[in-house]
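Thank you for letting me take a few minutes of the meeting. Please look at the sequence and the structure on the screen, and keep them in view while I talk.

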Protein chains: 2
Amino acid sequence: MSSRIQHAGLRAKVMSAQEAAAFIRPGTTVGMSGFTGSGYPKAVPLALAERISAAHARGEDFRIDLHTGASTSSEMDGALAESGGVALRTPFQSDPTMRAKINAGEVEYIDTHLSHLAQTVWNGFYGPMHTAVVEVSAIREDGTLVPSSSVGNNKSWLDLADEVILEVNSWQSEELEGLHDVYYGTALPPHRQPVMITDPADRIGQPYFECDPAKVVAVVETHAPDRNSPFKPADEDSIAIAQHLVEFFEHEVAAGRYDERLLPLQSGVGNIANAVMAELVKSRFRGLTAFTEVVQDGMLDALDSGTLSMASATAFSLSTEAAERFNANVAQYKDKLILRTQEISNHPELVRRLGILAMNGMLEADLYGNVNSTHLMGTKMMNGLGGSGDFARNAFTSFFLTPSAAKGGDISCIVPMVSHVDHTEHDVHVLVTEQGLADLRGLSPKQRARKIIAKCAHPDYRDQLQDYSDRALKESSGLHTPHLLGEALSWHQRYLDTGSMKQA
Amino acid sequence: MSSRIQHAGLRAKVMSAQEAAAFIRPGTTVGMSGFTGSGYPKAVPLALAERISAAHARGEDFRIDLHTGASTSSEMDGALAESGGVALRTPFQSDPTMRAKINAGEVEYIDTHLSHLAQTVWNGFYGPMHTAVVEVSAIREDGTLVPSSSVGNNKSWLDLADEVILEVNSWQSEELEGLHDVYYGTALPPHRQPVMITDPADRIGQPYFECDPAKVVAVVETHAPDRNSPFKPADEDSIAIAQHLVEFFEHEVAAGRYDERLLPLQSGVGNIANAVMAELVKSRFRGLTAFTEVVQDGMLDALDSGTLSMASATAFSLSTEAAERFNANVAQYKDKLILRTQEISNHPELVRRLGILAMNGMLEADLYGNVNSTHLMGTKMMNGLGGSGDFARNAFTSFFLTPSAAKGGDISCIVPMVSHVDHTEHDVHVLVTEQGLADLRGLSPKQRARKIIAKCAHPDYRDQLQDYSDRALKESSGLHTPHLLGEALSWHQRYLDTGSMKQA
């Protein structure tokens, strides 16, 4: 048995994933660990999926409500979706099978601000939580738990669940111990107190989860890697977007609005976020900080180069190569990295106070700066809102980033009216595409439209957007936010009908 | 000269409104006081409007950029809009003439979260502020200023402006002194500190504005009433909405999610908000608190009855009768009322921490719980977002309220897709119409649609909504948020074409 299970009582509860999964009953609510492909349970969800499939084969109903931190991996979301065992999923996912089931109407999905889920579950909106399944990197002698590569909502699930299943993953570095900051000061109102962080490097909690050993019904040993997306070298568009951003930072420093160390950076998941870090590493900026959700490869590089002096997040989201590099050198990152619960990593109080520069991807923006982060053609869920709303609403500067076109040019990411709104015009300060950067601060809707067409639209769609805008200015019933209602969503309909937003 | 001007240097600067208005130059940015029809300058804007009209008559260009706290009155927004002297207006308005100019495309308007404007002006997004015109109720011997019936953004305008014009309004009660809490601890990041309020009754500032007397170029004496809307007895729909809400509060107390004193209430402006207070007065609830923007007539009644033990806001918004009643009895309200700067009254940090029950009006909601608070038929600005976003995003429970139909039944306030989004599905917990209350917490989009049709839609539109929903479930390209893009905005277009959303 692994030396990582130091608590005698919990050593006695070690069993197979199949035995552990048997504790999970049909119709219950389960909170699992996992935030991106990091720190999710590796064995029990697979065993549970088998158990569900077997029940379905016998003609029995077996579905659960599933809460996590954010997305996980095919071993968890994929397997459980494939089994048909998920009735409800929150707050975020990015798995192809789960996505297909959601868009076929087979899984109810509640796309939720990542900072909000824990408090709503605490508040009972989703009923009681029956089981928590949480990966940890070790169980200490006193029964406290060393978190693994993501913290997410694990503290809340461990506190709330009637029964707890722990996976102890010996693949995770033992040296993770001490890196986490688990804050036990949250409460429901009227008992909430200020969250006393004034710098991304502040620690206000403890490095371990508390968990009553009496609630633990099973301990499962695993030795399995996290599975995040492979690192892809930045493409031309991502580099161009990143360059526009770094140029803008320089511009803001020159204008006296940011100081030389900028303000704490929040950077979403994906290639563009990695490209932004890579451009910052090439820039003159040094000693920056990040107050963000995930640490990607690019952020590790930025820590190595001194571009970043430290990063606060709730999870790693590293490629296999970067995870190996990190695991081999945890000690050198330990004073530069903090993983917090996602309530704190994404807390609106802290986002406002620290003055975050929030950089998030999007699917499309419209002429007036409304942003759709989630719905393809207004109806199909892509992944979810994630933390973008937590950061954008309260950020000091809220950036949204996308290539100007998608699907080989058949989709314009700048449209007359977005087909779904996740971020309103009020929360969108700067739009960036490979074409350029539109600073929308201090602009009225019509002024925004002119700038977005000029700076961000793909050249193939610029005339078509200008034509819509010109006609809307003449024919719209109101001229505050001019629109032709019969035509506003016609680009999306045309794409559905013809496979392209381009006019014939 | 009024005994209210105790500072010798400032007594020497008393002059007429016309002389004062002459300090305001074309092309400049002016910050004025005012939040609803309270505490706005009564004389200088009128004199400025005359000065602008005279300049225009001479063929000269004369326009200013105008920032306030929120809406004001016809004496200010109305007169300045009429003069054609406003190039840009932020962050909120509700004046018919100003609205007409905005919707004719003659005034650029930036509809802004009320808690955000001060920080964006501080940050220079709108350029320098040349002049502040601020109503106060007295000038003290040391040059500090006693605020009047609204605080709004006055602290920021006084700090930021190159030149200050003060109006000392002797109509305002002298006993207002001591009621205000002006917080001087705000800063731009990275220098922000926690805002140490954990109860609506906490005071963290001082009762006076600071203002360098050297910056004051004019002091104008006035004796003029605030002008808020007359109080209207609650109509049937408002009473029904209020009753649904109070019943829901009882339900939440029974479920153990609110305690007997509920949580601090935020309540928008208007008849529905007054009706909610009236129903609470009739209920068994006592000792509640409010952490809100404005104190309306209904809130005064609730303080009188002990339903509310105290209220924190940034402004009064009282009918003439209630204002007279308040002015005659200020002493008895003084320990129960606090007026703060709008940065603090609407601060996301405090809204989240205190766990506000946020109740805001809206124009329309859609099947999935997205809310339009601002745009008639998607293009015409009604008033603005106001503080609804400050509260809804971070509220413990976010309620949106409206009658189910408008314009004698020709507009359904529940539509397939809203024509503009101010509050996304993520930030809308409960919808209430006179028909009923839809608790959307913990529901997926399709579940929300069923509940909204059943509970909130007007009976005249229920079948039409169900028909859209049924067909969307069959024909939508994605089934997460089913829509027929070609039809989603057709109700609004039909209203524009035929005068009714009803199908022929």
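Predicted model: local features only at pLDDT ≥ 70, side-chain atom pairs only at ≥ 80, totals over all residues.

Residues are numbered from 1 along each chain as its sequence is written, chains are lettered from A and ligands numbered from 1 in the order in which they are written, and side-chain values use heavy atoms, with hydrogens and water left out.

Let me begin with helix pairs. Helices (H or I, at least four residues) and strands (E, at least two) are DSSP runs, numbered from the N terminus. In chain B, the axes of helix α9, residues 271-282, and helix α10, residues 297-305, come within 7 Å and cross at roughly 15°. Axes here are lines fitted to C-alpha atoms, for helices over the stretch in contact, and angles run from 0 to 180 degrees between N-to-C directions. That angle makes α9(B) roughly parallel to α10(B), since angles under 35 degrees count as roughly parallel, over 145 as roughly antiparallel, 65 to 115 as roughly perpendicular and the rest as oblique. The crossing of α9(B) and α10(B) is left-handed, a term used if the near helix is turned anticlockwise from the far one by less than a right angle, with right-handed used if clockwise. On the α9(B) side the contact, meaning heavy atoms within 4.5 Å, is made by Asn274(B), Met277(B) and Val281(B), and on the α10(B) side by Asp297(B), Gly298(B), Met299(B), Asp301(B), Ala302(B) and Ser305(B). Sorted by class, this contact of α9(B) with α10(B) has four nonpolar, three polar and two charged residues, where Ala, Val, Leu, Ile, Met, Phe, Trp, Tyr, Cys and Pro count as nonpolar, Asp, Glu, Lys and Arg as charged, and the others, Gly among them, as polar.

Staying in chain B, helix α4, residues 74-82, and helix α5, residues 96-103, have axes that come within 7 Å and cross at roughly 40°, and α4(B) and α5(B) are therefore oblique to each other. Their crossing is left-handed. Here Asp77(B), Gly78(B), Ala81(B) and Glu82(B) in α4(B) meet Thr97(B), Met98(B) and Lys101(B) in α5(B), and by class the contact of α4(B) with α5(B) has two nonpolar, two polar and three charged residues.

Which residues of helix α18 (residues 490-498) of chain A are buried? They are Trp491(A), His492(A), Arg494(A) and Tyr495(A), where buried means under 20% relative accessible area, exposed over 50% and partly exposed in between, with a 1.4 Å probe and protein chains only. These residues cover an arc of only 160° around the axis, which puts them on the same side of α18(A); the arc is that of the directions from the helix axis to the C-beta atoms. They pack against β17 (364-366), β23 (411-412), β24 (414-415) and α17 (459-475) of chain A. Just after α18(A), Gly499(A) takes a positive phi of about 85°.

Ser267(A) is in strand β10, residues 265-267, of chain A, and is buried, with a relative accessible area of 4%. Leaving aside neighbours within four places in sequence, Ser267(A) is in contact with Ala273(A), Met277(A), Thr292(A), Met299(A) and Met359(A). Ser148(B) is found in the loop between β6 (145-147) and α7 (154-160) of chain B, and counts as buried at 0% relative accessibility. Not counting residues up to four places away in sequence, Ser148(B) touches several residues, including Gly39(B), Glu135(B) and Leu339(B).

I finish with the backbone. The peptide bond from Thr90(A) to Pro91(A) is cis, with omega near -15°, and Pro91(A) is in the loop between β3 (86-90) and α5 (96-103) of chain A. The bond from Pro189(A) to Pro190(A) is cis as well, with omega near 10°. Finally, Met377(A), in the loop between β19 (375-376) and β20 (380-381) of chain A, has a phi near 50°, a positive value in a residue other than glycine, and counts as buried at 9% relative accessibility.
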